[in-house]
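Student: I am new to this one. Please give me a close look at a single part, with its surroundings.

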Amino acid sequence: QVQLVESGGGLVQPGESLRLSCEASGSIVIFVMGWYRQALGKQRELVATITPGGYATVGDSWKGRFTISRDNAKKTIWLQMNNLKPDDTAVYFCHARRSGDYWGQGTQVTVSS
């Protein structure tokens with residue numbers, strides 16, 4: 001099992017950036033890691049994933065603005081979010097997948113002027 005703790009959310013203005021972090025309680029070397037988000041009243045959606053070897057995939061809606069990365073030695077993944085828009089307002093969840101699914105508690109991102 002692995003426990004995930006997200007951080008880095010907050011209130012920003014449109015066009016600004018945030019970097020979310022997700023730290024795991026144990027090794028993530030064998031886990032596919034990812035970020036999901038859930039806006040109020042909407043279903044949770046996949047934003048980006050990164051394989052153990054570092055192959056990253058970002059959803060089409062966020063390509064060019066969001067970047068996912070990981071450091072297995074630090075047991076941490078990040079989501080760099082640039083040029084944030086009000087539609088990016090959501091709770092962002094860290095996810096780990098191996099034989100099971102593991103979720104963090106989420107971090108709120110609010111984009112508003």
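Tutor: A word on the source comes before the details. This is a predicted model, in which local features need pLDDT of at least 70, side-chain atom pairs count only at pLDDT 80 or more, and totals for chains, interfaces and linings use all residues. Residues are numbered from 1 along each chain as its sequence is written, and side-chain values use heavy atoms, with hydrogens and water left out.

Strands here are DSSP runs of E with at least two residues, numbered from the N terminus (helices would be runs of H or I with at least four). Is this strand enclosed or open? Strand 3 is largely enclosed by the rest of the structure, because 5 of its 7 residues are buried. Buried means under 20% relative accessible area, exposed means over 50%, and partly exposed lies in between (1.4 Å probe, protein chains only).

Now the neighbors. Two strands pair if DSSP finds at least two bridges between them. Strand 1, residues 4-7, pairs with strand 3 in the antiparallel sense over 4 bridges. Strand 8, residues 76-81, also pairs with strand 3 in the antiparallel sense, over 6 bridges. Glu23 shows both pairings. Its bridge partner in one direction is Val5. In strand 8, Thr76 stands opposite Glu23.

What does Cys22 join to? A disulfide links Cys22 to Cys94, with S to S at 2.0 Å. The rule for a disulfide is a pair of cysteine sulfur atoms within 2.5 Å. By that rule the count is 1 disulfide. A disulfide is a covalent bond between the sulfur atoms of two cysteines. The turn about the S-S bond is -80°, and the link of Cys22 and Cys94 is left-handed. This pair connects distant parts of the chain: Cys22 is in strand 3, Cys94 is in strand 9 (residues 90-97), and 72 residues separate them. Both ends are hidden. Cys22 has a relative accessible area of 1%, so it is buried. Cys94 has a relative accessible area of 0%, so it is buried too.

A nonpolar core is a set of buried Ala, Val, Leu, Ile, Met, Phe, Trp, Tyr and Cys residues joined through side-chain atoms within 4.5 Å. The largest one holds 29 residues, and Leu4, Met33, Trp35, Phe66, Leu79, Met81 and Tyr92 touch the most other members. Strand 3 supplies at least two residues of this core, and so does each of strands 4 (32-38), 5 (45-50), 7 (66-71), 8, 9 and 11 (107-111). In soluble globular proteins, nonpolar side chains tend to be buried together.

Thr107 lies in strand 11. Thr107 is buried, because its relative accessibility is 11%. Among the residues that Thr107 touches are Leu20, Gly9, Ala90 and Tyr92, leaving out residues up to four places away in sequence. Contact here means heavy atoms within 4.5 Å. A polar atom of the Thr107 side chain lies 3.2 Å from the backbone nitrogen of Gly9.

Leaving out residues up to four places away in sequence, Glu16 touches Met81, Asn82, Asn83 and Leu84. The C-alpha atoms of Glu16 and Lys85 are separated by 8.4 Å, though 69 residues apart along the chain.

One of those contacts deserves a stop. Asn83 sits in the loop between strand 8 and strand 9. Its phi is near 50°, a positive value in a residue other than glycine. Most residues other than glycine have a negative phi, and most peptide bonds are trans. Asn83 is partly exposed, because its relative accessible area is 41%.

Notes. A polar contact is a pair of N or O atoms within 3.5 Å; within protein, one must be able to donate a hydrogen and the other to accept it, and residues adjacent in sequence count only if both atoms are side-chain atoms.
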